[in-house]
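Q: Could we go through this structure together, one part at a time?
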Amino acid sequence: MIFSLLWTDMLVWGLLCVLILLGWGASRSPQVRQQWHTIFRSSIAMASTIILLFYLFFTLLDSVHLRFAIEPAEGKSEQVQYSEIVSLLDLIFVHNIEGTERTYSAPFSQHEYTKSIVVDANGVTKQEYLPLKHVSNRDESIQTSLIAIMIGLTISMIFVFIHIFWRSKGGFKDTFRLTFQGKTELPWRTAYVTMTLLITLFTWFYMLSFDYHVLGTDKVGGDVLYQSLKSIRTGVLIGILTTLIMLPVAILLGVSAGLFRGWVDDVIQYLYTTLSSIPGVLLIAAGVLSMQVMMNNNPTWFESTLERSDLRLLFLILILGITSWTGLCRLLRAETLKISQMEFVTAAKAFGVGKLTIIKRHIIPNLMHIILISVVLDFSGLVLAEAVLSYVGVGVDPTMHSWGNMINQARLEMARDPMVWWSLFSAFVFMFILVLAANLLSDRVQTVLDPRNKS
Amino acid sequence: MFGYILRRIIYAVPILIGVNLITFMLFFMVNSPEDMARAQLGAKQISPQMIQAWKEQRGYDKPLFINPNAQGVSVVTDTLFMKESLKLFTFNFGISDSNRNIGSDIKERMGPSLAIALPTFMIALITNISLALLLVLFRGSVLDTSMMIVAVMIMSISGLFYIIAGQVLFSKMWHWVPISGYDSGWSGIKFIILPVMIGVFAGIGSGVRWYRSIFLEQINQDYVRTARAKGLSELRVLFGHVLRNGMLPILTGVVVVIPSLFMGSLIMESFFGIPGLGSYTIDAISSQDFGIVKAMVFLGSVLYIVGLILTDISYTLFDPRVKL
């Protein structure tokens with residue numbers, strides 16, 4: 001077994017390390033701690049964060065890619081052969097990957113969606129629903145559900161107890177009582193309830209997925225639950241990586257334009273006015289088309305379809321980043337202009353403090369709230385944009401699992417009667433929960449961090 | 001005023017050149033005119049002469065940025081980039097890669113695009129502002145908080161959902177309107193209603209929140225307190241003072257998009273089968289037609305810059321303090 005690191009995996013884990021380091025560094029400043037404390041005092045923000053962490057957990061689970069050694073057939077070469085790349089999430093859902101059906105089937109259904117022509121033992125041709133291959137006939141769904149819910153509750157309880165124990169500095173009993181009366185300073189009760197709900201829901205679905213296709217199957221018989229979970233990585237990656245990749249560019253250009261003025265300012269202003277005057281979708285489309293041709297011309301860059309779609313995702317993120325830094329850059333430039341006129345910067349200059357130190361000590365900390373707000377604000381927009389771009393045909397690779405691709409495929413089946421609704425439904429619900437959580441959190445971050453709301 | 005507008009138009013030229021530079025680079029960095037000719041002419045039986053003729057007709061036979069065979073200034077002027085982008089500046093869009101006149105195509109398709117985009121824009125503007133004023137009037141009440149929660153939810157649902165749900169409910173199940181299509185004149189109204197309604201509804205969440213925050217920012221100002229102290233009714237305060245003073249930030253966001261309405265909506269038009277500029281662009285993207293893409297990028301940038309200039313002019317109309 002070897003680990004294989006895709007490009008986006010590297011970025012995800014690298015960025016996670018950077019974020020943890022930054023968070024650790026920032027947490028030593030009492031002001032920042034105070035701010036985040038205020039943010040999480042709202043129970044809505046707490047619940048949204050737990051949901052976002054749940055999505056992040058699946059992203060990370062899906063970002064560990066492995067290859068297994070295949071036993072060499074006898075008499076063949078000694079060289080070790082490796083299987084396809086699979087992620088940890090694939091390993092958990094291996095029964096769903098292998099259990100593909102022939103075509104559509106409704107959630108919890110025992111038979112296929114369409115009737116097929118069968119010839120029975122007497123030679124009579126009939127039209128009937130064929131049973132699904134990978135669904136158990138035993139009707140034990142209620143027992144399984146009960147067991148699953150018990151397991152889910154137990155797992156969540158263990159987490160809750162560990163966390164209460166970790167928080168309790170006085171006595172475990174007191175902390176426990178205060179938590180469940182909702183009298184703690186941060187709304188931990190809400191956090192525990194949200195977490196318990198999510199974990200129980202997941203275990204329930206997971207246990208049932210051995211016996212049924214919980215959310216049905218798609219056109220080629222793939223399990224919709226598995227697809228929706230796989231799509232989490234694509235959505236989260238596009239939402240997070242795009243903003244984080246463009247951040248350094250936006251900060252560097254915005255701050256230098258505001259601070260150095262003169263021709264630097266002119267050049268940077270020209271750059272972002274030009275880029276932002278091109279209609280966004282067209283710029284993205286032109287970029288993605290060029291990239292596609294480039295990838296077709298260089299088939300040696302990747303070995304498998306997975307690596308190919310991964311590279312395409314990386315390019316898409318880069319292109320989205322190029323088109324989306326202009327707004328933030330404009331904001332940062334204006335704010336830097338304002339800050340650099342303030343007394344404390346003039347004082348620092350008069351004391352002979354170097355430009356770099358001024359940027360580090362006075363300007364960047366005062367821009368932090370704009371940067372943070374724009375990161376959380378852009379996230380939900382980018383997740384939604386992925387679906388639209390995949391629909392136009394300039395999104396992620398068609399072979400990649402993404403909500404946009406799911407919607408796009410299911411859209412063609414709208415005309416059927418009864419409707420094939422489950423693919424669309426799952427994709428929209430998974431997307432809705434993520435975007436709603438992100439929007440609610442970004443609202444809270446904005447209210448707390450934006451100095452205009454101080455009144 | 002006139003001098004200002006002239007100056008802004010002159011400023012626009014380097015920006016448009018930059019836009020063209022980016023489009024040409026993106027396309028020709030990876031696509032050779034050779035491949036484009038092959039793709040457009042079809043795979044069977046193409047002679048080198050046919051490719052050559054196709055390239056010459058569109059000016060693709062020249063080098064992209066620098067012509068090494070030319071003398072003097074024409075090293076940079078006798079190139080694909082110079083010839084083609086100069087043509088764009090006179091709004092001569094030339095012919096597309098698939099032999100259609102882009103200029104007349106655009107003229108023809110502008111109408112359907114506007115038929116969708118203009119009503120959507122107007123109705124959305126009126127609904128959003130009136131809803132926001134209503135919420136500000138009842139600020140802090142149950143109505144306000146519950147509507148704000150609904151607004152976040154509307155915002156969090158993908159726009160594709162509204163389109164698909166609308167088509168299924170109103171066209172497929174209830175047969176109120178046809179599922180897609182277009183007709184000019186009054187008979188076309190039945191095709192337009194659904195996309196317009198969906199467009200308005202999808203934007204209501206973010207719109208109402210935005211206008212509400214603008215009005216709330218005004219409502220704590222001193223002049224509002226004075227107006228109330230004078231004994232004006234809350235409604236007079238809202239319409240006479242808050243709305244008028246909130247006009248400036250609203251104009252900043254609204255006027256800039258008005259010219260871009262001509263470009264149409266990519267998603268709406270392709271879902272509802274409307275022969276406008278949005279679906280034109282999508283078709284061009286999927287068939288990799290560089291002629292159309294470069295024309296649409298140029299047109300879009302011009303309209304955006306026009307929007308910026310209009311924003312500045314509208315300031316002078318609404319705020320006597322602003323002088324150009």
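Q: What pattern does chain B follow, read along the sequence?
A: In sequence order, chain B reads α-α-α-α-α-α-α-α-α-α-α-α-α-α. That chain has 14 helices and 0 strands. Helices (H or I, at least four residues) and strands (E, at least two) are DSSP runs, numbered from the N terminus.

Q: Before we go on, what kind of model is this?
A: This is a predicted model, in which local features need pLDDT of at least 70, side-chain atom pairs count only at pLDDT 80 or more, and totals for chains, interfaces and linings use all residues. Residues are numbered from 1 along each chain as its sequence is written, while chains are lettered from A and ligands numbered from 1 in the order in which they are written.

Q: What radius of gyration does chain B have?
A: Chain B has 25 Å, whereas a compact globule of 324 residues would have a value near 20 Å. The radius is taken over C-alpha atoms, and the globule rule is 2.2 Å times the number of residues to the power 0.38. The C-alpha atoms of chain B fill a box of roughly 80 × 55 × 35 Å along the principal axes.

Q: And how much of chain B is buried?
A: Of its 324 residues, 34% count as buried. A residue is buried if 20 or more other C-beta atoms lie within 10 Å of its own, exposed if 12 or fewer, and partly exposed in between, with C-beta atoms placed from the backbone.

Q: Take B:Lys55, then: where is it found?
A: B:Lys55 is found in helix α3 (residues 48–58) of chain B. It counts as partly exposed because it has 17 C-beta neighbours inside 10 Å. B:Lys55 lies 9.6 Å from B:Asp97, C-alpha to C-alpha, although 42 residues separate the two in sequence.

Q: Changing topic, how many residues of each chain are in contact with the other?
A: The contact involves 38 residues of chain B and 36 residues of chain A. Two residues are in contact if their C-beta atoms, placed from the backbone, lie within 7 Å.

Q: Which helix supplies the largest share on the side of chain B?
A: That is α1(B), with 10 residues. The side of chain B that touches chain A divides into 26 nonpolar, 12 polar and no charged residues. Here Ala, Val, Leu, Ile, Met, Phe, Trp, Tyr, Cys and Pro count as nonpolar, Asp, Glu, Lys and Arg as charged, and the others, Gly among them, as polar.

Q: What about α8(B), which residues are buried there?
A: In α8(B), the buried residues are B:Gly159, B:Leu160, B:Phe161, B:Ile163, B:Ile164, B:Gly166 and B:Gln167. Their cover includes α14 (355–392), α15 (403–411) and α16 (422–449) of chain A, together with α9 (189–219) and α12 of chain B. After α8(B) comes B:His175, with a positive phi near 55 degrees.

Q: How many helices and strands has chain A?
A: Chain A has 16 helices and 7 strands. Of its 455 residues, 36% count as buried, and its C-alpha atoms fill a box of roughly 100 × 65 × 55 Å along the principal axes.

Q: What span should α8(A) have?
A: Helix α8 (residues 188–208) of chain A has 21 residues and should span 30 Å at 1.5 Å a residue, which agrees with end C-alpha atoms 30 Å apart. The expected span is 1.5 Å times one less than the number of residues.

Q: Why do the buried residues of α8(A) line one face?
A: Seen down the helix axis, they fall within an arc of 165 degrees, so they line one face of α8(A). The arc is that of the directions from the helix axis to the C-beta atoms. Among these buried residues are A:Trp188, A:Tyr192 and A:Met195. Their cover includes α3 (43–61), α6 (141–167) and α7 (172–181) of chain A.

Q: Now the strands: what is the order in the open sheet?
A: The open sheet of 3 strands has the order β1-β2-β5 in chain A, with antiparallel pairing. Its edge strands are β1 (2–3) and β5 (86–87), each of which pairs on one side only. Two strands pair if DSSP finds at least two bridges between them. Strand β2 (residues 65–67) and β5(A) pair over 2 bridges, and A:His65 has A:Ser87 as its bridge partner.

Q: And β7(A), is that strand buried or in the open?
A: Strand β7 (residues 125–131) of chain A lies largely in the open, because 0 of its 7 residues are buried. It pairs with β6 (residues 111–119) of chain A in the antiparallel sense over 6 bridges. The hairpin of β6(A) and β7(A) has 5 residues between the strands, and A:Gly123 takes a positive phi near 80 degrees there.
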